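Have the viewer open as you read.

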Amino acid sequence: MNTHDQFRELLEAYALGSLDSADRALLETHLASGCAECAKALEDARWLVSQLAYLAPNAEPSDMLKGRLLQTVRAEAAGGAGPQAVRGAEVPWWLWAGVAALLLFSIYSAWNEQHLRRTVTNLQQHAEAQRAERQKLEEQLRVAKLQAHEAMIWMDPKSVKIMLPPKDPKMPQLEAMWHPEMGLVVRGWKVPNPGGNRVLQLWLIPKAGGKPMPSMTFWPDANGKFSAMVENPPDTMSDTQALAITEEPVGGSTQPTSAPMWVGGVS
Amino acid sequence: MFLAVFSPKGNDEVSLDATLMQQLLRRDVSAFEELYERHSRIVYSLVLRILRQGSTAEEVVQDVFLQLWRNCARYDTSRPFVPWLLTLARNRALDHLRLKSERQRRREEQTEEFPQIASAAPEYEKALDEKRRAERVRALIGSLPSAQKKAIELAYFEGLSHSEIAAALNEPLGTVKSWIRSGLMRLKESLQATS
């Protein structure tokens with residue numbers, strides 16, 4: 001018996017799948033070499049082995065199996081899926097369950113994200129409202145403090161009242177109150193607004209002569225009323241001869257650019 | 001050498017299966033139904049013999065026929081249909097029986113998912129119709145000594161290797177090899193013989 005015959009003897013067992021690994025490797029090497037005779041004999045051996053199926057006792061599948069199969073096949077045919085198509089019926093239930101769980105999780109995540117976004121937006125709006133309210137209260141407090149400070153200057157016996165008559169007799173008279181420690185307040189009524197980009201500016205005229213010393217700028221409200229205070233005037237009361245008020249550009253000037261509209265001597 | 005007796009019925013049946021498979025390519029559901037009617041019993045019988053559990057066997061049979069429907073384009077209509085279908089069903093059933101095992105790996109190495117069967121049916125397939133071939137297979141294997149019959153059944157229905165069968169039957173390896181080979185040779189001779 002030659003080597004070729006030895007391989008032929010292995011073909012039926014190979015077709016059965018019962019060859020042990022060493023014999024199988026030998027035969028597969030031979031088949032891979034392109035032996036047409038053995039390849040043909042192997043196909044016949046596979047056919048022969050398939051006939052052993054008739055040893056199985058006769059049995060009938062249930063009608064339900066046929067029903068399930070036809071239902072799937074009809075659905076796929078109606079869906080226009082060609083051969084090789086991957087169909088839903090092949091997908092196991094647990095995969096569908098996983099997909100459903102993932103879908104639910106995605107919906108929940110999207111809803112949760114929207115919910116969080118709304119919550120964050122509400123919190124931001126709430127914080128913004130609180131911040132605005134706080135600023136409003138701070139402004140009110142600042143104004144109240146200012147008014148209290150001004151009131152204290154006006155009422156304190158150590159304050160000195162200074163009248164500022166207008167150069168133009170049509171203009172109202174202004175008055176000022178200067179406290180040596182708490183500062184200087186100037187106020188007036190029915191004062192025309194300078195208009196344009198101009199403001200009123202207070203000047204301190206030194207006793208020793210020289211240039212007037214610039215101080216605060218201010219402007220009346222719509223009713224011509226104003227009350228302006230400077231806590232730290234640029235000079236002391238004892239060194240100041242008079243107070244003067246001029247019209248200046250917005251932001252004030254370092255020296256007067258117009259004639260004084262009000263002047264009042266400091267006694 | 002055998003004498004082939006032409007059997008019009010057997011030949012017609014082979015031709016009918018090929019025609020039905022061609023119709024399947026055109027997504028003909030009635031052709032699928034007829035193929036199922038013609039072959040579901042032997043396929044189910046084989047799978048049930050291997051798996052021994054009705055519901056699991058039906059799952060595998062369903063899988064086999066759906067594969068037939070979906071992958072019919074990969075079937076070569078010039079090849080004998082029933083042996084191809086039976087080989088496909090056996091492979092699927094044994095895969096279920098021994099998932100992830102060494103035997104599965106060995107089968108996967110040997111046979112493709114769509115098995116290779118003789119490109120032309122042996123003459124004795126044409127000579128005998130399916131019913132007579134089935135009777136002859138049962139008669140021949142039934143006539144073998146019980147140990148030899150058992151060895152062939154363990155190989156075919158359980159997917160055991162020569163060594164595993166030798167161990168299961170407590171027989172020498174050479175004896176088992178010889179039993180299986182001689183049994184199959186006798187089967188071949190029986191199928192080749194005229195009625």
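**Where the chains meet**

In this predicted model, 51 residues of chain A are in contact with 68 residues of chain B, contact meaning heavy atoms within 4.5 Å. Local features need pLDDT of at least 70 and side-chain atom pairs count only at pLDDT 80 or more, while totals for chains, interfaces and linings use all residues. Residues are numbered from 1 along each chain as its sequence is written, chains are lettered from A and ligands numbered from 1 in the order in which they are written, and side-chain values use heavy atoms, with hydrogens and water left out.

The two chains bury about 5,600 Å² between them, 59% of it on carbon and sulfur atoms; buried area is the accessible area (1.4 Å probe) that two parts lose on being put together, summed over both. On the chain A side, A:Trp47, A:Tyr54 and A:Leu55 lose the most area to chain B, together 15% of what that side buries.

The rule finds 8 salt bridges across the interface of chain A and chain B, each a side-chain nitrogen of Lys or Arg within 4 Å of a carboxyl oxygen of Asp or Glu. If you look for B:Glu33 and A:Lys66, you will see their side chains meet in a salt bridge (3.4 Å, N to O). Which helix gives the largest share of the side of chain A that touches chain B? That is α4(A), with 10 residues.

Now turn to chain B itself. Its secondary structure comes to 10 helices and 0 strands, taken as DSSP runs numbered from the N terminus (helices H or I, at least four residues; strands E, at least two). Of its 195 residues, 54% count as buried, that is, under 20% relative accessible area, with exposed over 50% and partly exposed in between (1.4 Å probe, protein chains only).

Inside chain B, ring pairs link B:Phe32, B:Tyr36, B:Phe65 and B:Trp69 into a cluster. Rings of Phe, Tyr and Trp (its six-membered ring) pair if their centres lie within 6.5 Å; planes under 30 degrees apart count as stacked, over 60 as edge-to-face and the rest as tilted. B:Tyr36 and B:Phe65 pair edge-to-face, 5.0 Å centre to centre with 70° between the planes. B:Tyr36 lies in helix α2 (residues 29-51) of chain B and B:Phe65 in helix α3 (residues 54-70) of chain B, so the pair ties together parts 29 residues apart in sequence. Both B:Tyr36 and B:Phe65 are buried.
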